[in-house]
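Hello,

Here is the structure you were expecting, with the sequence. My notes follow below.

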Amino acid sequence: MTVFLPWPGHFGDLIRDVLPWLWATWKPGDLLGGNPAHAPLYPGPIDARLWAPIARAFPDGYDYRREAGDWEGEVRRLAVALHPGHDLATFIPGRPDLFPRPAMLVPGDPILVDVVLAPRRKPYIDAKNGWPWADLAARLRAQGLTVGLAGTPAESDTCPANLRAWDFDQPGDAVTGTLRLLSGARLVVSQDSAIAHLAALLDRPQLILYPRPGDHRRRLPIRDAIPTQMRFHDCHAWNRALCLPIHGGPAEVADAILEALNRTILADGRIADWQARPVVNHPDHRPGRTLVLREPDRLLVMRPVGNRLIPVLPLDDDLPSVPPDAATIAARTVACHTCPDHQPGPDRCRRCGCGFVVAERTRSPFARCPASRWPR
Ligand code: SF4
C-alpha cells in the first residue's frame, strides 16, 4: 500500500496537475494526505493528520514566498510514524496531460443558477487581482440573470450575487458549494484559474477571461510578475461543452455572456470545411445564432458578421518531452545552490511560485528557472 503525501501548493495546480495524478494512481486501500477542506475532490478518504504540519506552516493558506521551516520533513516523519511499512508517494511536476481526466463526483444536487462568476483576489501581487467583477455581476442581475459566486468569501465580498458557494459548505469544507454551483450553472465565467479547471472537469459551458486577444496561448507575467503559461488549452481539452476565451471589460464580457447563454451552440463539422464559408450555409444556422466548431487544437466561431478562428495550443510549446540528463540536473543544482533566491533549509526557490523543492524541480522536464539562471 502507498501513502500519498499531501501537496500544499496553489489550488489551481492541485486541480489541474495533482488530482489527475492521484485519480490515476490511487488504489483502494492506499492512504491519502491532503487538505481536509478539499476532501470531496479526492478519489478516497483523507487522513487529515498528515495535513497538520502544512496547516501549521501556512496558517493563512499556502504562500510560496513564506519561509515555513521543515514542514515537508515533518510530513514524511509523521507519515512513517502513522503508517509504518507503507511506501510514500509525492507529486513531482511532470507532464500533466499524461494522466486521464479525473472522474470527479459532485457531492450533492446541482444548484441551478444562470451564471457563476469566480472573482479572484490573492494576498500576493497577482495580475489577475482586481478585475471589476462587482460591475459585471450588477450588469448581469440588471438583465434578470441569477448570479452565483464560486470560490471563497475573501475574494468575493464586494460582489453582488443571488447565491454564494460558501453558504452551501459545511464547516471545514471549502469546495462542496462550489462544485454544486458549478454543476448547476448554465455558464461559468472565470479567469484562467482553478475554478476554470473545475468547470471544465464538470463539462459546464464556460468563458475564460484574458487581458487581450490571444493571451490564452501566452506566458503572462502574473504572480509577482513571474511569467506563467496560460492553461486555456487544458480546459479546452477537458470540457466537452462550450469553452471560449474572451477579453474586455464588464460591458464586453456581459455581451459575451448573453451571446453564450442565448444564441450560441456547439455545431458539427470540420473547421477546414467551414472556415471560409458563411454561417448561413451551415445546417445548424438559425437567424441570430452563433455556431462554435471545435477541434483539439482550435475553435471556429461562426457569426453572421463573419468567422473567427481561435487557435488554442500554447505558443510556448517548446517544452522538452524527455527528462534532463544527469549533467543537466547537476548544472541546475549548482545554479540553484549558489543562487540568492535559494532557501537552503526547505530547499525551495523564492521566485518559482510553486510547491516543489529544488531537488525535484531540477529533475523535471518541464520546470524552468524564472530568473533564467539554469544553463540551457
Ligand atoms: S530556480 Fe532559478 S531563481 Fe530559483 S533558486 Fe534555482 S537558480 Fe535561483
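Which residues in α4 meet which residues in α9? This is a predicted model, in which local features need pLDDT of at least 70, side-chain atom pairs count only at pLDDT 80 or more, and totals for chains, interfaces and linings use all residues. Residues are numbered from 1 along each chain as its sequence is written.

To the question: in α4, D135, L136, R139 and L140 meet P250, V253, A254 and I257 of α9; two residues are in contact if their C-beta atoms, placed from the backbone, lie within 7 Å. By class, six residues of this contact are nonpolar, none polar and two charged. Here Ala, Val, Leu, Ile, Met, Phe, Trp, Tyr, Cys and Pro count as nonpolar, Asp, Glu, Lys and Arg as charged, and the others, Gly among them, as polar.

Helix α4 spans residues 133–142 and helix α9 residues 250–262; their axes are 9 Å apart, at an angle of about 45 degrees. Helices are DSSP runs (H or I, at least four residues), numbered from the N terminus. Axes are lines fitted to C-alpha atoms over the stretch in contact, with angles from 0 to 180 degrees between N-to-C directions.

Helix α1 (residues 11–25) and helix α7 (residues 194–201) cross at roughly 35 degrees, and their axes come within 8 Å. In α1, F11, G12, I15 and R16 meet A194, H197 and L198 in α7. That contact has four nonpolar, two polar and one charged residue.

The ligand is surrounded by 13 residues, the closest being C336, C339, C349, C369 and R373 (C-beta atom, placed from the backbone, within 6 Å). Nine residues of this shell are nonpolar, one is polar and three are charged.

Regards

Note on methods. Helices (H or I, at least four residues) and strands (E, at least two) are DSSP runs, numbered from the N terminus.
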